[in-house]
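I set down what I looked up and the criteria I applied.

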Number of protein chains: 2
Amino acid sequence: MKTSESRFRKCMYFSSNALARKMEKLANESWQRVGLSPSHAYLLMIVIEEPGVQPGTLAGELQLKPSTITRLIEKLEEKKLVVRITEGKTTSVYATPKGRELTPQLKECLTNFYEGYSHVLGLEESSKLVANMNRLSDELPG
Amino acid sequence: MKTSESRFRKCMYFSSNALARKMEKLANESWQRVGLSPSHAYLLMIVIEEPGVQPGTLAGELQLKPSTITRLIEKLEEKKLVVRITEGKTTSVYATPKGRELTPQLKECLTNFYEGYSHVLGLEESSKLVANMNRLSDELPG
DNA sequence: TCTTAATATTTGTATATACAAATAAAATAA
DNA sequence: TTATTTTATTTGTATATACAAATATTAAGA
């Protein structure tokens, strides 16, 4: 059943969740060729661009909780794509050479991903949609 | 950090996920007084309105996978709010009297929930947002 | 300086959902 | 009628994320 046919077609709860799951799926497919989930891939991209970035900053940029960032970094560390250097209470994250080597593939995945959805609404409507989703997120409590 | 300040403010992946998590949180709070998660509550509301509805239909209406519906029903059954009657390969789900008694509270929760977010963008913009999210969901593969 | 409070990160656990395979029944084809 | 395919549901397992508490370190107040 399509969202537009469900009795909850007017409900933000279902629409936002359904869309997020669809985007998650599309993004997973887009980044499959580098063997990373979208969140791992985005985290790696930030770390490459911003060497030494701290988990707290990553949490802010990725809109995820610090505990989630810890788990993401752990996995990237297992794959030898990043390293963590802890000094005192702060931790700095760096991409390894192996991680940096993925840069071109990561960019391709990103392009693929955008192309996977932007044609549906068109670039302008997509931007507006994202802008309104952000506005709503930002003004909601929590 | 607000979504609008993140370097990924233009990315549908982050925006849709961030919004869905915010809505999940708001919805959780809204339905807390009946002791149900939003998905359990919505499922119960459908079952009350549509006695004997089948899991497959519920999956379509709620935009969730059949396996997820099974899990939701199991929990509502434990709480004695619904019962399942299986005949052959189909299963019919009915609300118990205890489940039906929740009707007025469930409606209040729903109202609370809508009021929790619709003022941010206003009713008209909210509707447009939902409509575009649905359109994108429906036209994306999967 | 010593104590308390604030900050950064991690760990243990929980939630919501999905995928893939298993089961079972009904429908169709041979 | 028997064999095969399709349909409906459930079960086992996995993923993405969060919350709350624990840990450790630095900063601030007495």
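**Surface near DNA strand C**

I sorted the surface near DNA strand C by class and found four nonpolar, 12 polar and seven charged residues. For this I counted Ala, Val, Leu, Ile, Met, Phe, Trp, Tyr, Cys and Pro as nonpolar, Asp, Glu, Lys and Arg as charged, and the others, Gly among them, as polar. I note that this is a predicted model, in which local features need pLDDT of at least 70 and side-chain atom pairs count only at pLDDT 80 or more, while totals for chains, interfaces and linings use all residues. Residues are numbered from 1 along each chain as its sequence is written, and chains are lettered from A and ligands numbered from 1 in the order in which they are written.

I then listed the 23 residues that surround DNA strand C, and the closest are A:Gly56, A:Ser67, B:Ser37, B:Ser67 and B:Gly88. A residue is near a strand if its C-beta atom, placed from the backbone, lies within 6 Å of it. Helix 4 of chain A supplies the largest share of this surface, four residues. Helices (H or I, at least four residues) and strands (E, at least two) are DSSP runs, numbered from the N terminus.

**Surface near DNA strand D**

I looked up the 23 residues around DNA strand D, of which A:Ser37, A:Ser67, A:Gly88, B:Gly56 and B:Ser67 come nearest. Two or more residues each come from helix 4 (66-78) of chain A and from helix 1 (12-31), helix 3 (55-62), helix 4 (66-78) and strand 2 (90-95) of chain B. Helix 4 of chain B gives the most, with four residues. By class, I recorded four nonpolar, 12 polar and seven charged residues near DNA strand D.

**Chain A and its hairpin**

I counted seven helices and two strands in chain A. Their order along the sequence is α-α-α-α-β-β-α-α-α. The C-alpha trace of chain A spans about 50 × 35 × 25 Å along its principal axes.

Strand 1 (residues 82-87) and strand 2 of chain A pair in the antiparallel sense over six bridges; pairing requires that DSSP find at least two bridges. A:Arg84 stands opposite A:Val93 in strand 2 of chain A. The hairpin has two residues between the strands, and A:Gly88 takes a positive phi near 65 degrees there.

**Where the chains meet**

I found 46 residues of chain B in contact with 45 residues of chain A, contact being C-beta atoms, placed from the backbone, within 7 Å.

I laid chain B on chain A with an RMSD of 0.0 Å, by a turn of 180 degrees and a shift of 0.0 Å along the axis. The two copies are thus related as by a two-fold rotation axis. I superposed them by least squares on the C-alpha atoms of residues with pLDDT of at least 70 in both. Because 98% of the interface residues of chain B are also interface residues in chain A, the copies meet through the same surface.

**Helix 2 of chain B**

Is helix 2 of chain B largely enclosed or exposed? Nine of its 12 residues are buried, so helix 2 of chain B is largely enclosed by the rest of the structure. A residue is buried if 20 or more other C-beta atoms lie within 10 Å of its own, exposed if 12 or fewer, and partly exposed in between, with C-beta atoms placed from the backbone. The buried residues include B:His40, B:Tyr42 and B:Met45.

Conventions. Contact = placed C-beta atoms within 7 Å.
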